[in-house]
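Please take me through this structure stop by stop. Tell me what to select next and what I will find there.

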Amino acid sequence: MLTTLRRIVLAFGQEPELGNALQNLVAQVKTAMATECCSVYLADYEREHFLLTASDGLAKASLGQVTIGFSEGLVGLVGQREEPINIADAQHHPRFKHAPEVKEEDFNAFLGTPIIHQRRVLGILSVQQKQARQFNENEEAFLVTLAAQLAMAIANAETTGILSRNKNQQNRQYVQGVPASPGLAIGNFYISYPKAQLSSVSLSKVGQVDKQTKIFQHAVLKTKRDLSQMSERMQGAIPEDALDIFEMYKHMLESASLGDEIVEKISLGWNAESALKLVIDQYVIQFESVEDPYIRERSTDIKDLGNRVLFHLQEEEASREQVPKNMILVATDVTASLLAEYQHKGLKAIVSLSGSTNSHAVILARALAIPAIMAVGNISLANFKYKQAIIDGYSGEIFLSPDAALLSEYQHLVREEDELQELIKEVIDLPAITKDGKSIELLLNAGLSAEFDSSMKNGAVGIGLYRTEIPFMERNCFPSEHEQVNLYHTVLRSFPRQPVVMRTLDVGGDKALPYFPINEDNPFLGWRGIRITLDHPEIFLVQVRAMLKANVGIGNLEIMLPMISGVTEVDDAVRLVNQAYFEVCNESDTPVSKPKIGIMLEVPSVLFQLEELAKKVDFFSVGSNDLTQYLLAVDRNNSRVAPLYDSYHPAVLRALNHIAEQAQLFLIELSLCGELASEPGGALLLLAMGYDKLSMNTHNIPKVKWVLRHIDYTQAQLILSHCLMLSTPKQVHNYLNEQLELLGLGGFVRAGK
Ligand code: PEP
Ligand code: MG
């Protein structure tokens, strides 16, 4: 059954046109289940009905014509209940709705199951039979499993459909993602394709038969050359018969079957990549449906070969493609390194099909003031090709190929944004103080990009978080103590009379060192931050010694420990810092100052040990990015749960308020260095809670300062007490946005002034 299921799903993914794919699917399901009718109804939420889209068994003339209201008939009932319904005698069921056009009078047994994606019913998959009988458990399980697997593919097609569907009754192409970095951009898409993955090729026809054939043949030649070289290199190193694999690959490319089949597809208009995918997928399906495990295993070879040819096809394509002006980078997964690669090439905005709002790529985008939209969904990248677009980083909206009216509307908003940016520069050198005199320190989050220059200060009164791991990530091996001393010295010297908080190495989770691989099932719950450095005192000691040496003659260093989950880690780390201190004192002729030591509050366990922890360290700094992730149990990088990741969740706000109350009680200095500090609403609430310092990227310092200088502390406290009584993140967002509008600060949380 599993093989049949896999074969049906694979075949479904092979057909580029949804209507055809569904029609093939219903025929295959009908055969596989040995039943007499299988149908798919797709939901139309605007019209509130299901449309009979494909069927093998119902009248052909009714396809695309017959609709069933959301609250009508058995199909509607499956949608309403959001669960399978299995009825032996459907004709006599009170919800049965007779639709003469479909000609289902002979069918009695009915089994329908909803196709659900992210809590939304996208359609109904049903089977029917003349004999009045209950479908058995296996049949029900088969249909439910199939519907679950189809949901993603149908959701893709639906989103692609949205691209060309109307929004607000105007003929506009539109797609929605999760807003991740605010701001507006108008530009042209540049697609960064994942390298050589046939599974991510989007099928498309281009004609140009001769050109595409030549491109394909060229890629085949290059692949054969690679295979010969690989085989030569391996001579003597692996047994002779294992070398046959390379010959077999070459033969497959030469053989009349594979190569010719691809050329034949090209002659039907498919571009070379699509033709390759269609043929390879077909072979994979055939091999995978064979019982013999040896032959089934050959599907891996076919896929591998396909990806090798694809690599050369994409290489050709990439060499022909130019980076457009005002580039909007779009990729399946925009990572921090991808962003860094394009940041100097006129990058205006980023769009990522996956990812979430506080991944390190997004943190970097915010620091660079680049609007970002994440978790756009499983849309084919081809939809963005060569398109102009408007990116609204406040709302998460992407408008493709905008018409003149929309363009001019957004050009106006962009001008307003620019004016606002100019306006807030006025406060750069002024203190961060509210209208009624409450002051707070605004510090800089640094370290995200290797180069650091003091023009990035933007009115900050020190560094609240220097992420030391980034320079570690951009290398091939751990940096020496000497190299670290030089780097840290530059950073400490940039704020000679103000505090600079350096965080000890925080790798693990989504921050990997290329030369120190960690493979774990649950990296965010695994070997991360202080856990690694305590297990490797040689790495920790070198880093702390380097910090202490770099601080000689300056004296503004403060050391911060990441990912602390209890007092033992603090004791162990402080002991090592003391050891490094005495070593450096012994080696140095000049006095070495002892830095303050603080911890990050980002693992929820520390919320219940604040009193003990306050006695052991000099300051606390809340890492709201991780605190949100761990408190809500929502992976900060996972697009499936991106809408659940929210630092304005009442539980997070109450935790932050609890920390502030406790810090005041135990007289310990408190700051917050997560992304929340850089948002107008977040900064307002944290000020009201009593945080002493907020640390954020350079770009946001003037904005937050402007906001704080235009509000009253007493008013901020009233807003906070109301927020603390709300029960859902949505209520908090609505209320905060409303208040910011009333305060004349709405331009910071939406497009325009
Ligand atoms: C945080 O978790 O809030 C934080 C500042 O650290 P990072 O984003 O580097 O994990
Ligand atoms: Mg963190």
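**Before you start.** This is a predicted model, where local features need pLDDT of at least 70, side-chain atom pairs count only at pLDDT 80 or more, and totals for chains, interfaces and linings use all residues. Residues are numbered from 1 along each chain as its sequence is written, chains are lettered from A and ligands numbered from 1 in the order in which they are written, and side-chain values use heavy atoms, with hydrogens and water left out.

**Stop 1: the open sheet.** Helices (H or I, at least four residues) and strands (E, at least two) are DSSP runs, numbered from the N terminus. Two strands pair if DSSP finds at least two bridges between them. Select the eight strands that run β7-β14-β13-β9-β10-β11-β12-β8. They form an open sheet with mixed pairing. β7 (173-176) and β8 (178-181) are at the edges with a single partner strand each, so one side of each has no neighbour in the sheet. From one strand to the next, the twist averages 30°.

Zoom in on β13 (residues 388-392) and β14 (residues 397-400). They run antiparallel and are joined by four bridges. Here A389 stands opposite L400 in β14.

Contact means heavy atoms within 4.5 Å. Axes are lines fitted to C-alpha atoms, for helices over the stretch in contact, and angles run from 0 to 180 degrees between N-to-C directions. Helix α12 (residues 404-424) also packs on the sheet, touching β9 (184-192), β13 and β14. Its direction makes about 110° with that of β9.

**Stop 2: the magnesium ion.** Select ligand 2. E602 (OE) and D626 (OD) coordinate this magnesium ion at 2.1 to 2.2 Å. Donors are N, O and S atoms within 2.8 Å of the metal (3.2 Å for Na, K and Ca); water is not among the atoms, so sites may look incomplete. E602 lies in the loop between β19 (596-601) and α18 (610-616), and D626 in helix α19 (residues 624-632), so the pair ties together parts 24 residues apart in sequence. Are E602 and D626 buried or exposed? Both are buried. Buried means under 20% relative accessible area, exposed over 50%, partly exposed in between (1.4 Å probe, protein chains only).

**Stop 3: the largest cavity.** On a 1 Å grid over the protein atoms alone, a cavity is a set of points where a 1.4 Å probe fits but cannot get out; lining residues have an atom within 4 Å of a point. Select Y41, I68, F96, K97 and E104, the closest to the centre among the 18 residues lining the largest cavity. Helix α3 (73-81) gives the most to this lining, with three residues.

**Stop 4: strand β15.** Select residues 441-446. Five of the six residues of β15 are buried, so the strand is largely enclosed by the rest of the structure. Four bridges join β15 to β22 (residues 693-696), in parallel. E441 has K693 as its bridge partner in β22. β15 also pairs with β16 (residues 463-467), parallel, over three bridges. There, N445 stands opposite L465.

**Stop 5: two loops.** Most residues other than glycine have a negative phi. E48 has a positive phi, near 55°. Find E48 in the loop between β1 (37-44) and β2 (49-56). E48 is exposed, at 52% relative accessible area. End at N326, with a positive phi of about 50°. N326 lies between α9 (293-320) and β10 (327-331), and is partly exposed at 33%.

Methods
1 Å grid on protein atoms, 1.4 Å probe; cavity = no way out; pocket = protein on both sides within 12 Å on 5 of 7 lines; lining within 4 Å.
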